[in-house]
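Reader: Hi! Could you walk me through this one? I'd like to go through it piece by piece.

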Amino acid sequence: MTQVMTFVETLPPEEVARANFYGLLARLFYAPPDAPLLEAIAGAGEIEAEDGGIAGAWQALARAAALADAEAVREEYDSVFVGTGKSPVTLYTCAYSIRYSNEAPLAELRGEFAALGLARRGEASEPEDHIAALCDAMRHLIAVQNRELAEQRRFFNRWLAPSIDPLCNAIERDPTTSFYKPVGQFAKAFFELEQTAFEML
């Protein structure tokens, strides 16, 4: 799903910010951050927001990044999200949203990606319902394709909204998460803000 990030010139600043947050979450969930990314997060400015939840969550993430060791974060990522056998926390959203045994959301999602002109990279081995792929798809809808908000809302409500709380709660509850606990808290705050904004359409 990863592509060179190119923004539409007329994209408003708030849309650039939304796309960047989706891109950051995609990167953090796809693989553990390296030292330069940790430094960039730690040195980023504060968020000005009427909703104090996302501002506080961002500050907590920046503090965690400032204190984090890249190698320790890599070990945490591998232990929590990869593991040996079944990982303690799965990043595949269908695990949190399937209600009936006869559902086939991956087939539906692949069809939707095809309709949007998106495709999995040849070297990628993860199924399309990985949270990083869905975040990157949202980034693409905002920053590259400049899709209407109604279309963004439909994709968000179908593929992200049902999994947000259980996934972020699973990350927060896992006793071995350290750096990824504030990542999950920031993700939850950001997704909740997105959901509220979409509900106002």
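Reader: Thanks! To start, how many helices and strands does the protein chain have?
Author: The protein chain has ten helices and zero strands. Helices here are DSSP runs of H or I with at least four residues, strands are E runs of at least two, and both are numbered from the N terminus. Before we go on, this is a predicted model: local features need pLDDT of at least 70, side-chain atom pairs count only at pLDDT 80 or more, and totals for chains, interfaces and linings use all residues. Residues are numbered from 1 along each chain as its sequence is written, and side-chain values use heavy atoms, with hydrogens and water left out.

Reader: Good to know. What percentage of the protein chain counts as buried?
Author: Of its 201 residues, 43% count as buried. Buried means under 20% relative accessible area, exposed means over 50%, and partly exposed is in between, using a 1.4 Å probe and protein chains only.

Reader: And what share of the contacts comes from residues 24 or more positions apart?
Author: Such pairs make up 72% of the contacts in the protein chain with a separation of 6 or more. A contact means heavy atoms within 4.5 Å.

Reader: Let's pick a residue. Is Phe186 buried or exposed?
Author: Phe186 counts as buried, because its relative accessibility is 0%. You'll find Phe186 in helix α10, residues 180-199.

Reader: Which residues is Phe186 in contact with?
Author: Leaving aside neighbours within four places in sequence, Phe186 is in contact with Phe21, Leu25, Ile47, Ile54, Ala57, Trp58 and Leu61.

Reader: Where is Glu46, and is it buried or exposed?
Author: Glu46 is in the loop between α2 (35-43) and α3 (52-67). With 65% relative accessibility, Glu46 counts as exposed.

Reader: Switching topic: what about the phi of Asn146?
Author: Asn146 has a positive phi of about 50 degrees although it is not a glycine. Most residues other than glycine have a negative phi. Asn146 sits in the loop between α7 (131-144) and α8, and is partly exposed at a relative accessible area of 40%.

Reader: On to α8, then. How do the axes of α8 and α9 cross?
Author: The axes of α8 and α9 come within 4 Å and cross at roughly 50 degrees. Axes are lines fitted to C-alpha atoms, for helices over the stretch in contact, and angles run from 0 to 180 degrees between N-to-C directions. The two helices, α8 and α9, are therefore oblique to each other. For the cut-offs, under 35 degrees is roughly parallel, over 145 roughly antiparallel, 65 to 115 roughly perpendicular, and the rest oblique.

Reader: Which residues meet there?
Author: Phe156, Asn157, Arg158 and Trp159 in α8 meet Ala161, Pro162, Ser163 and Ile164 in α9. The residues of this contact divide into five nonpolar, two polar and one charged. Nonpolar covers Ala, Val, Leu, Ile, Met, Phe, Trp, Tyr, Cys and Pro, charged covers Asp, Glu, Lys and Arg, and the others, Gly among them, are polar.

Reader: I see Trp159 there. What else is Leu109 in contact with, besides Trp159?
Author: Beyond its neighbours within four places in sequence, Leu109 is also in contact with Glu128, Asp129, Leu134 and Phe155. Leu109 lies in helix α6, residues 105-115, and is buried, with a relative accessible area of 0%.
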